[in-house]
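Me: I'd like to learn how to read an interface between two chains, one feature at a time. Can you walk me through it?

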Number of protein chains: 2
Amino acid sequence: MKSNVAEILKSDTFLQEVTLKGWVRTFRSNRFIALNDGSTIKNIQCVIDFENTEEETLKRITTGAAIEVKGTLTESQGRGQSVEIQVSNIEILGDSNADEYPIQPKKHSFEFLRENAHLRVRTNTFSAVMRVRSKLSFAVHKYFQENGFNYVNTPIVTGSDAEGAGEMFRVTTFEDNKAPLTEDGNIDYTKDFFGKETNLTVSGQLEAETFAMALGKVYTFGPTFRAENSNTTRHLAEFWMIEPEVAFMDLDGNMDLSEDFIKSVLSYVLEHCKDDLEFLDQRLTQEEKSKPQAERSDMSLLEKLQFVVDNNFKRVSYTEAIDILRNSKPNKKKKFQFPINEWGADLQSEHERFLVEKHFKCPVILFDYPANIKAFYMRLNEDGKTVRAMDVLFPGIGEIVGGSQREERYDVLVDKIKAMGIDEKELWWYLDLRKFGTAVHSGFGLGFERLVQFATGMGNIRDVIPFPRTPQNAEF
Amino acid sequence: MKSNVAEILKSDTFLQEVTLKGWVRTFRSNRFIALNDGSTIKNIQCVIDFENTEEETLKRITTGAAIEVKGTLTESQGRGQSVEIQVSNIEILGDSNADEYPIQPKKHSFEFLRENAHLRVRTNTFSAVMRVRSKLSFAVHKYFQENGFNYVNTPIVTGSDAEGAGEMFRVTTFEDNKAPLTEDGNIDYTKDFFGKETNLTVSGQLEAETFAMALGKVYTFGPTFRAENSNTTRHLAEFWMIEPEVAFMDLDGNMDLSEDFIKSVLSYVLEHCKDDLEFLDQRLTQEEKSKPQAERSDMSLLEKLQFVVDNNFKRVSYTEAIDILRNSKPNKKKKFQFPINEWGADLQSEHERFLVEKHFKCPVILFDYPANIKAFYMRLNEDGKTVRAMDVLFPGIGEIVGGSQREERYDVLVDKIKAMGIDEKELWWYLDLRKFGTAVHSGFGLGFERLVQFATGMGNIRDVIPFPRTPQNAEF
């Protein structure tokens, strides 16, 4: 039995009786209901015999109302659809007062819709984004599972703060300003719920490494947190991160994995989210028309996705990148806010965008960064000054992946930890991995929302997660 | 190219050259290495030509050492395996000092292994459990995606504390005991990171409902938290929960969904985790031998899983269950710690276990509970005293699923919220769902770790999650 709009729209068996429940998107001429049930971005047209329908019922067919229709599936005479339902019976399940309902059939600003995040998924744009997000999540799991990876749920509450990926949120059951003190006047964390100071995780990498060194290939896919006061279109305080980690894999393998992974999951949504992506493609094209010509993209959304799937990512060492940037027009013309003068400079977003969008015009993997601008756990190269780090840079998004080959040598790692002033005792378990059966291993982190942004063409990261958490905002 | 132990063990192409990396599980007679790389619970036997191998190298082949072997795949003469590798070259990648390595090839207590959670996944038992956990996770996503559900990531940090499912952890960036105060001496939460008091979520249900009322069928699968001081084998402070939510579905549909879902995911692991489940089956049988006869299970692990897949869950109303319990032997003989005297009593674990393990001897779904022992959002029945709630009870586990049809009537819900003393303003967005296009809808929550416990036969919930969080414990 065909039970939802997606299935019925694909049907070519006419004159069958169908029953459908869904929500009214529009109702025009007292006759045509555009009905949506969330199974697809498309609505099905339901034709009412208004002369034989109670006036009272007709009035209650308003945008947002939940209804049940029974009727006959017929070939549509109208434009834009192949089938429609000739309604024999309609029941109003839940009214929607047209004067009060915030989501009217007109264009709403994204800002207004963020304030109504509980309802915005009832719009075409957000329902499409959220369906693509769901399919993309599944593609992530499917890719790793089919390639022999084990999913590992690393802890969200962590007593370890050694990773240093960013500012952390504290987790506590102490009453505010009533934390008990030790005899010498410090906070007595032994009395807190976990018996120690705890935070929300910034990354599952270190714990994932423990699993990689036993199961071989693992990945995480879970929420991570940054307590940074970043009010940008690219940052969230709570976001979902994907972190594969593989034993016996070096940096070259890591680059191969990241490229293959991204191409695979984007292929999956190109194949499984056709209708939603076509809608989002048109939405973006429409949006770009309001921009100055110079800021518009050369490619449509679908073209960009296909381009990434079909083309090799350009692999460039940090040292080569610095040469390119130093000799670039914007650098010579002092157009960069942060001019590139010498090797060792940390690359800013403007430099990454120049490399990806102007110079190479394709996704770029930068590798072998200076050791002193990267994390302690990255493997030191033989040159003694660079580490086996890599960043994947995407047009319009910037850094989408950050990864590295991990330092597998116990002594080198201990030296690095000491040099960076990290408490070695905090990392006893991480160091154990280098004491017992250590081996080359690598992994990366991919911010899932940035991938969803790229796949959907949405400009603001707050619009690709159901309920965004940002400074001063934890509504719903 | 066959690149891991799982693939090579399945091979029947002899005399091919193979290269394998992995960890030594055992080394006996200076000749036979049992090598494991995490891809399967099985080891591959690697036969060393010890007369032509350096004495120094032989000494370094210790339990836990990482090695690379090259050699020829041959039919095995030994028992217990069909193929083995005649090693032509061995390289030690990472040593493992036998005097220091905690994971020796002998039986360790689970308590000792919890203290070494970074290494315990190198044992047979924990590697099997974690592989089954991973496959079970995938089965969850696969089931929902193939049945038209959208995955929704509900927020982890929440400003809403209305659900009342349990004690919460606070999330803050205030320094301990240095939270700023308002003029009238209260904590000034507007100055905290999110501009309000925030906690870790206890359930994604209310937010998932907002998505179900737009996309139709959704599910969550993410971490949830309880700040309860429960030191039991069934409770964690941080655990993963699965919460489907479906528009236009009533309680009967909800029961059907929960039963079909559980059977489907258990079938999946029965099919895809044969080796691991056979090992865990034997482990459990072994463990039960040390128990008194009366406490042993009638069925082995594999039999239990097959039984659940093959048999209908028994559906029993709360009222029927009370009758059965009131007239039961243990109640009459006063063997229950909490005797059942009258309708309205909350069921304890002992009662649930009696119903499941002694009376019905199969999974049981209890439904239509008294309103006053259940949450505010459950739909009131026409009798005015029961609600459309359901719990799925499993042998050995107790409650594995809790769900309900949700109250879709605005007025009834508002009355309930007021009667329970919940701040109505906190739930404005939840009430909006009943104001605009409300409809019958239902869903349930399933504690993922309890499902993993059931699938693996592990007695303690701390042993089915990588790094358990419990009172006084957030190590790693």
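Predicted model: local features only at pLDDT ≥ 70, side-chain atom pairs only at ≥ 80, totals over all residues.

Me: Let's start with size. How is the area buried between chain B and chain A read here?

Reply: The general idea: an interface's size is often quoted as the accessible area lost when the parts come together. In this case chain B and chain A bury about 8,700 Å² between them, and carbon and sulfur atoms give 61% of that. In terms of residues, 109 from chain B are in contact with 108 from chain A.

Me: And the polar side of things? How many salt bridges does the rule find across the interface of chain B and chain A?

Reply: Four salt bridges turn up across that interface. The rule also finds 45 residue pairs in polar contact there, both partners at pLDDT 80 or more. On the chain B side, helix α4 (residues 124-146) supplies the largest share of what touches chain A, with 11 residues. That side of chain B splits into 50 nonpolar, 35 polar and 24 charged residues.

Me: Which side chain meets A:Arg170 in a salt bridge?

Reply: B:Asp176 does, with an N to O distance of 3.0 Å.

Me: Now strands. How does strand β8 of chain A run relative to β8(B)?

Reply: The two are antiparallel, and three bridges join them. For one pairing, look at A:Thr172: its bridge partner in β8(B) is B:Arg170.

Me: Let's zoom in on B:Thr172. Is B:Thr172 buried or exposed?

Reply: The cut-off to keep in mind is 20% relative accessible area, with buried meaning under that. B:Thr172 has a relative accessibility of 1%, so it counts as buried. Its place is in strand β8 (residues 170-172) of chain B.

Me: What does B:Thr172 touch, leaving aside its neighbours within four places in sequence?

Reply: B:Thr172 is in contact with A:Phe169, A:Arg170 and B:Asp192.

Me: One last feature, then. How many residues of helix α14 of chain B are buried?

Reply: Nine of nine, for a helix spanning residues 448-456. Among them are B:Phe448, B:Leu451, B:Val452 and B:Phe454, but also B:Glu449 and B:Arg450.

Definitions and conventions. Residues numbered from 1 in each chain as written. Chains lettered and ligands numbered in written order. Heavy atoms only, no water. Helix = DSSP H or I, 4+ residues; strand = E, 2+ residues; numbered from the N terminus. Buried < 20%, exposed > 50% of the residue type's maximum accessible area, 1.4 Å probe, protein only. Contact = heavy atoms within 4.5 Å. Buried area = accessible area lost by both parts, 1.4 Å probe. Polar contact = N/O pair within 3.5 Å; in protein donor to acceptor, adjacent residues only side chain to side chain. Nonpolar A, V, L, I, M, F, W, Y, C, P; charged D, E, K, R; others polar. Pairing = 2+ DSSP bridges.
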